[in-house]
Amino acid sequence: MMRLPWRVLAPHTAPVRRASSVPAGLMNFVPACSTTDAHSLALLQDFVTRVRRLFVITGAGLSTESGIPDYRSEGVGLYARTDRRPMQYAEFVRSAKSRQRYWARNFVGWPQFSSHWPNSAHKALQRWEERGKLHWLVTQNVDALHSKAGQKRLTELHGCAHRVPSCDDCGGILKPEVTFFGDSVNKATVQFVHERLAESDAVLVVGSSLQVYSGYRFLLAARDREMPVAILNIGPTRADHLAELKVSGRCGEVLSVIQPL
């Protein structure tokens, strides 16, 4: 596998002044972040240019710019805003009352959740696929925004909230086709993603802290394969020690100026 040299970011490089890619009404969901400096952008452009078959992992930080809050961001994530916590798999299958609460909440929130649209980061990654730079994209998100953007080489690792398996009057529990907290990702899906990773020559993480092992495992696999890794995220991630390049910035602003050469 190709190994890129370690890059150290210059701490005092002047930032590039660009208009925000995030509409003003959606900024409340995006963590505070200074504009990415020109040196960091140049290093990320060099990383993308030098690889041929890029494997991309995306997380909730990519969709904050579409108006969907993430869980963990300081001050703006759902954990900071409310006392609500995601439904645990064990609770969902154990308790009829919990399932009733889950479906009632989804019924009320669905019109807003399903109305969100891809932002400039989703669109940039779709263009990278069209240009042949992006070999495969794995998203931890269940919001279908990559599909709405036209992404084809795509695995929705945790499923998609837009799909609900039909119940043919079997008496079984009706559950959306998503991986709940506390549940496990389908083994066939994990194996499929490992195969796509093996076909790639570098990994780019976009908008994910990788705190959930289901996504982090692929960074460990990339390390074992000695694959170069770059991370674009606001704030620290679980895999920072595995990355040759770490860029802090808003996903849409940064990816919009990176060319898939």
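Biologist: Which residues form the aromatic cluster?
Modeller: In this predicted model, Phe-92, Tyr-102, Trp-103 and Phe-180 make up one aromatic cluster.

Biologist: Tyr-102, buried or exposed?
Modeller: Tyr-102 counts as buried, with 10% relative accessibility. Trp-103 is at 27%, so it counts as partly exposed.

Biologist: What about Trp-136 and Phe-192?
Modeller: Those two form an edge-to-face pair as well, 5.4 Å centre to centre with 70° between the planes. Trp-136 is in strand 2 and Phe-192 in helix 8, so the pair ties together parts that are 56 residues apart in sequence. Trp-136 is buried at 12%, while Phe-192 is partly exposed at 32%.

Biologist: Where does Arg-196 lie relative to Phe-192?
Modeller: Over the face of the Phe-192 ring, 4.5 Å from its centre. Arg-196 also lies over the face of Trp-136, at 6.0 Å from that ring centre.

Biologist: Which residue is the bridge partner of Val-205 in strand 5?
Modeller: Ile-231. Strands 4 and 5 run parallel and are joined by four bridges. The chain gets from strand 4 to strand 5 through helix 9, in a right-handed β-α-β crossover.

Biologist: What does Ile-231 stand opposite in strand 6?
Modeller: Lys-246. Strands 5 and 6 are parallel too, with three bridges between them.

Key: Residues are numbered from 1 along each chain as its sequence is written. This is a predicted model: local features need pLDDT of at least 70, side-chain atom pairs count only at pLDDT 80 or more; totals for chains, interfaces and linings use all residues. Side-chain values use heavy atoms; hydrogens and water are left out. Two strands pair if DSSP finds at least two bridges between them. Helices (H or I, at least four residues) and strands (E, at least two) are DSSP runs, numbered from the N terminus. A crossover is right-handed if, with the strands pointing away from the viewer, the path from the first strand over the helix to the second runs clockwise. Buried means under 20% relative accessible area, exposed over 50%, partly exposed in between (1.4 Å probe, protein chains only). Rings of Phe, Tyr and Trp (its six-membered ring) pair if their centres lie within 6.5 Å; planes under 30 degrees apart count as stacked, over 60 as edge-to-face and the rest as tilted. A charge sits over a ring if NZ of Lys or CZ of Arg is within 6 Å of the ring centre and within 35 degrees of the ring normal.
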